[in-house]
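My entries follow in the order I took them.

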Amino acid sequence: RDWRSDLAMVKVAATGLQAVEFADSSKIRVGQWAIAFGSPFQLDDTMTVGIISARSRQNAISDGGKTRFYPSLLQTDASINPGNSGGPLVDVRGKIIGINVAINSPTGASVGIGFAIPANTAKNVMEQLIQNGKVTRGFLGVAPRALTGVERARYGVASGGALVESVSQDTPAAKAGVQVEDVVTRIDGKAIGDDVEFRDAIARTKPGSAVKLTLQRNGKEMTLNATLGSAPETGVPGTSPEKAPERESGKLGIAIEPVSAANSKQYNLEGVSSGLVVVQVAGDGPAAQAGIQPGDVILRAVGRDLKSGADLKGAVDAAKSGDKIALVVQRGKTRMLVSVEMP
């Protein structure tokens, strides 16, 4: 099994079975038909039909006290309910385009917002589990995000690319000379469309591989060479008991808890003794839009040190709609200023 991707391989002792084919999920288009199969509410062999509503959705979902981050999901309005998870999402030719994994719902039942792990992700995990018994992922050590229209004009990138928002110390990126505000446009000559493609390209590359990064810096194109490391197992369940997260008021769209021995081990918070650990991020909330991720530690809000969820709630409640709250965030060995716009 591979906890990070939420996938596992099961060997079936049987012969004469017909295998379903995988489609190339990179070619899926918004608006195409999508058909979900599963056993919602124990109703076996149920089929529902809809379309692909969106691609490259990012989501962080709590699972048994741990938070798993899905960097790229397919969104569909085909009805998905409890009991559909693990079932296939297929195209009109019956080829698998995704594996149903989650829904977004205030009631726990389908409201037309379901998510599936892309077929290409599943194939990559499947092949590595069969060949190696585990999944390894490349690691660069940066936090990328998509560019806004204003930023495209500022950095001179008309389309595609991923903006480097932070660089962690002593990582392959730092050693290669990657800097904050660099815009990576190609990896090994292949164009990068956005931050999701950037993350996927790095993760799919074998640790120890040398990669060539083409980027824009100060209006000029340049090339850097980096040797990838191995992605740390942040967030993978261990044996330490976890206490329930201290929920924030909801305006930021996060769940938090004070720094403790348990979450310090879980998120590798070496040297961090104060602040609030982000354990869950709503995919469409203000915090997610500002780039906040599970494992981030919020140290200060609006110039004030944070000791409890009440401190953060006070800063949030004092802000008006449209105001931008300045948060000082620790991510690994990197401390950064994050501006979150209030809804």
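Before the first entry, a term: strands here are DSSP runs of E, at least two residues long, numbered from the N terminus. The model is predicted, and I read it as such.

**Entry 1: a strand residue.** I looked up Thr185. I found Thr185 in strand 10, which spans residues 183-187. Is Thr185 buried or exposed? Thr185 is buried, because its relative accessible area is 13% and the cut-off for buried is under 20%. Next I listed its contacts, leaving aside neighbours within four places in sequence. Thr185 touches Val157 and Gly161, then Lys190, Ala191 and Ile192, and also Thr214, Leu215 and Gln216.

Entry 2: I turned to the second largest pocket and noted a volume of about 990 Å³. Its lining has 41 residues, and those closest to the centre are Gln58, Ala282, Gly283, Asp284 and Ala288. Which element gives the largest share of the lining? Strand 2 does, with seven residues. I also noted other elements that each supply at least two lining residues, among them strand 3 (66-76), strand 5 (96-103), helix 4 (195-204) and helix 6 (286-289). By class, I recorded 18 nonpolar, 13 polar and ten charged lining residues.

**Entry 3: a helix.** I then checked helix 7, residues 309-318. Gly309, Leu312, Ala315 and Val316 are buried there. Looking down the axis of helix 7, I see the buried residues within an arc of 130 degrees, so they line one face of the helix. On the face turned away from that buried side, I noted the exposed residues Ala310 and Ala318.

Methods:
Residues are numbered from 1 along each chain as its sequence is written. This is a predicted model: local features need pLDDT of at least 70, side-chain atom pairs count only at pLDDT 80 or more; totals for chains, interfaces and linings use all residues. Side-chain values use heavy atoms; hydrogens and water are left out. Helices (H or I, at least four residues) and strands (E, at least two) are DSSP runs, numbered from the N terminus. Buried means under 20% relative accessible area, exposed over 50%, partly exposed in between (1.4 Å probe, protein chains only). Contact means heavy atoms within 4.5 Å. On a 1 Å grid over the protein atoms alone, a cavity is a set of points where a 1.4 Å probe fits but cannot get out, and a pocket is an open set with protein on both sides within 12 Å along at least five of seven lines; lining residues have an atom within 4 Å of a point. Grid points are joined across faces, edges and corners, and a volume is the space filled by probe spheres set on the points. Ala, Val, Leu, Ile, Met, Phe, Trp, Tyr, Cys and Pro count as nonpolar, Asp, Glu, Lys and Arg as charged, and the others, Gly among them, as polar. The arc is that of the directions from the helix axis to the C-beta atoms.
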